[in-house]
Amino acid sequence: MPGPDKNSKPRLARGCRWGEANGAERMLMFPEGALRLQGTGREILERCDGQRSTQQIVEELQAQYKSGDSGRILQEVHDFLENLQQKRVVDY
Amino acid sequence: MPTPNPLALIAEITHRCPLHCVYCSNPLEMQKAAGELSTEEWVRVFREAGQLGVLHLHLTGGEPLARPDLTELITGARAGGLYVNLITSGIGLSETRLGALVDAGLEHFQLSFQDSREAGANEIAGTPSHARKLQLAGLIRQFKIAFTVNVVVHRQNLDHLGEIIAMAEELGPDRLEIANVQYYGWALRNRDLLLPTREQVEQSQRTVAAAEERLRGRMRIDYVAPDYYARYPKACMGGWGRRLLLLDPAGQALPCHAAGVIPGMQFDNVRQHSLDWIWRESAAFQRFRGEDWMPEPCRSCERRTEDFGGCRCQAFLLTGNAAATDPVCTLAPTHGVVEQALSQVGPDGPSMAVPASAASWVYRPNPG
């Protein structure tokens, strides 16, 4: 399955938002559930602001994790966005 | 083990409804308007829910739009930190009012349909409503909220499930929920006319799988299978008193929609007790929590941590014992009652001969 286009600008889908449950950890809220995100997943999703392109998000993460395999980071971002787009949490 | 926090609160803010659906999830004995919680009481409860760790609020009914203070309730729920879903027939909703609900913080709109065919839809609802729902769907898409179309399926409409999915595609929701009828209350009264055949169920699973593949990334499909045809029971409500709680219009707290049918239970009320106390301490929520109540074969079954013994209300309704294994389970000693019901449904079974005309249905009334 093809990943998102590198120029697409992912954003949270309608009805999805960040929420703080009673001052506890930050969660992504959506119609039928909530995601407690850590690590790269959270790094990716916090950049889905409708301003940054997929390519920019990949580059920012590659810069942040310099020691990481840049090809793997690209794949990880694509897989993650694809999965959340199918769940209707992210749009691009 | 400490009791986990509830994740969701289902608030039946009224039992009044302009529709009379033959499978309504409301109890046979409905709460009247005069007994409903006030705006202030609901808002206080929503705040307590947020403090208790509840993430999602599902505003439902009856028809939640029948409450003139719905906007204030949504504002109060958001202030309490809850994610706000509205489950509605849409009847009685103008563009102005929808705008006000969204401004107040509504995040997800779930619109129910009875069918893709107008005559059948109106017959199930007991009132003309289908055309209005179609109009409303276009309106909803003008707002930045999540949109789900929900269609309840059964023997009378499963043969044109493809058409139902095509209708949803045209309405353009983010998500389509196709839910088979569950047989409690009103639906159990109408079971002879609603229970699908095995062929219908198998065909519908193929139809849904093909549609999911085709619509991937555009419209998510959630399919709720009919548990009468399952090998094992559903994890009803995610386990008794484990993830969800429900408040009826008068503030009575229940572990699920139908729990009121179980004899000998006493359900506490948010007018007298805090939500926290009800969740952690009240007898009703502890009655079937965990595994101590379980009979065999559940007690030693490795699936007990997945399905929690199934549904207590179904066990009572079909076997007379709420502490029995859910009879839909093929391992249950009482599974014969389900097989007996299914044996009536085949092409030669007596219930297929019953004409589905409005005169044959038991409709839910409006409690006034």
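In the predicted model described here, A:Asp69 is found in the loop between helix 2 and helix 3 of chain A. With 11 C-beta neighbours inside 10 Å, A:Asp69 counts as exposed, the limit for that class being 12 or fewer. The C-alpha atom of A:Asp69 is separated by 32 Å from that of A:Gly33, a residue 36 places away along the chain.

Helix 2 of chain A spans residues 54-64 and helix 3 of chain A spans residues 70-86, and their axes lie 9 Å apart at an angle of about 135°. Because angles over 145 degrees would be needed for a roughly antiparallel pair and 65 to 115 for a roughly perpendicular one, helix 2 of chain A is classed as oblique to helix 3 of chain A. The crossing of helix 2 of chain A and helix 3 of chain A is right-handed. On the side of helix 2 of chain A the contact is made by A:Thr54, A:Ile57, A:Val58, A:Leu61 and A:Gln62, and on the side of helix 3 of chain A by A:Ser70, A:Ile73, A:Leu74, A:Val77 and A:Leu81. By class, the residues of this contact divide into seven nonpolar and three polar, with no charged residue among them. The spacing of such residues can be read against helix geometry: an α-helix has 3.6 residues a turn, so residues three or four places apart point the same way.

Chain A as a whole has three helices and five strands, and from the N terminus on its elements run β-β-β-β-α-α-α-β. The C-alpha atoms of chain A fill a box of roughly 35 × 25 × 20 Å along the principal axes. For 92 residues a compact globule would have a radius of gyration near 12 Å, and the value of 13 Å for chain A agrees with this. Buried residues make up 28% of the 92 residues in chain A. Of the contacts in chain A between residues at least 6 apart in sequence, 52% join residues at least 24 apart.

The secondary structure of chain B comprises 14 helices and nine strands. Its C-alpha atoms occupy a box of roughly 55 × 50 × 40 Å along the principal axes, and its radius of gyration of 20 Å agrees with the value near 21 Å that a compact globule of 368 residues would have. Of the 368 residues of chain B, 50% count as buried, and 72% of the contacts between residues at least 6 apart in sequence join residues at least 24 apart.

Helix 2 of chain B contributes B:Leu70, B:Thr71, B:Ile74 and B:Thr75 to the contact, while helix 3 of chain B contributes B:Ala100, B:Leu101 and B:Ala104. These residues divide into five nonpolar and two polar, with no charged residue.

Just after helix 2 of chain B, B:Gly81 takes a positive phi of about 90°.

Elsewhere in chain B, B:Ala211 has its place in helix 9, which spans residues 198-215. With 22 C-beta neighbours inside 10 Å, B:Ala211 counts as buried, the threshold being 20 or more. Leaving aside neighbours within four places in sequence, B:Ala211 is in contact with B:Ile165 and B:Ile221. The C-alpha atoms of B:Ala211 and B:Ser94, which are 117 residues apart along the chain, are separated by 32 Å.

The two chains also meet, in a contact that takes 13 residues from chain A and 18 residues from chain B. The side of chain A that touches chain B has five nonpolar, five polar and three charged residues.

Definitions and conventions
Residues are numbered from 1 along each chain as its sequence is written. Chains are lettered from A and ligands numbered from 1 in the order in which they are written. This is a predicted model: local features need pLDDT of at least 70, side-chain atom pairs count only at pLDDT 80 or more; totals for chains, interfaces and linings use all residues. Helices (H or I, at least four residues) and strands (E, at least two) are DSSP runs, numbered from the N terminus. The radius of gyration is taken over C-alpha atoms; the globule rule is 2.2 Å times the number of residues to the power 0.38. Two residues are in contact if their C-beta atoms, placed from the backbone, lie within 7 Å. Ala, Val, Leu, Ile, Met, Phe, Trp, Tyr, Cys and Pro count as nonpolar, Asp, Glu, Lys and Arg as charged, and the others, Gly among them, as polar. Axes are lines fitted to C-alpha atoms, for helices over the stretch in contact, and angles run from 0 to 180 degrees between N-to-C directions. Angles under 35 degrees count as roughly parallel, over 145 as roughly antiparallel, 65 to 115 as roughly perpendicular and the rest as oblique. A crossing is left-handed if the near helix is turned anticlockwise from the far one by less than a right angle, and right-handed if clockwise.
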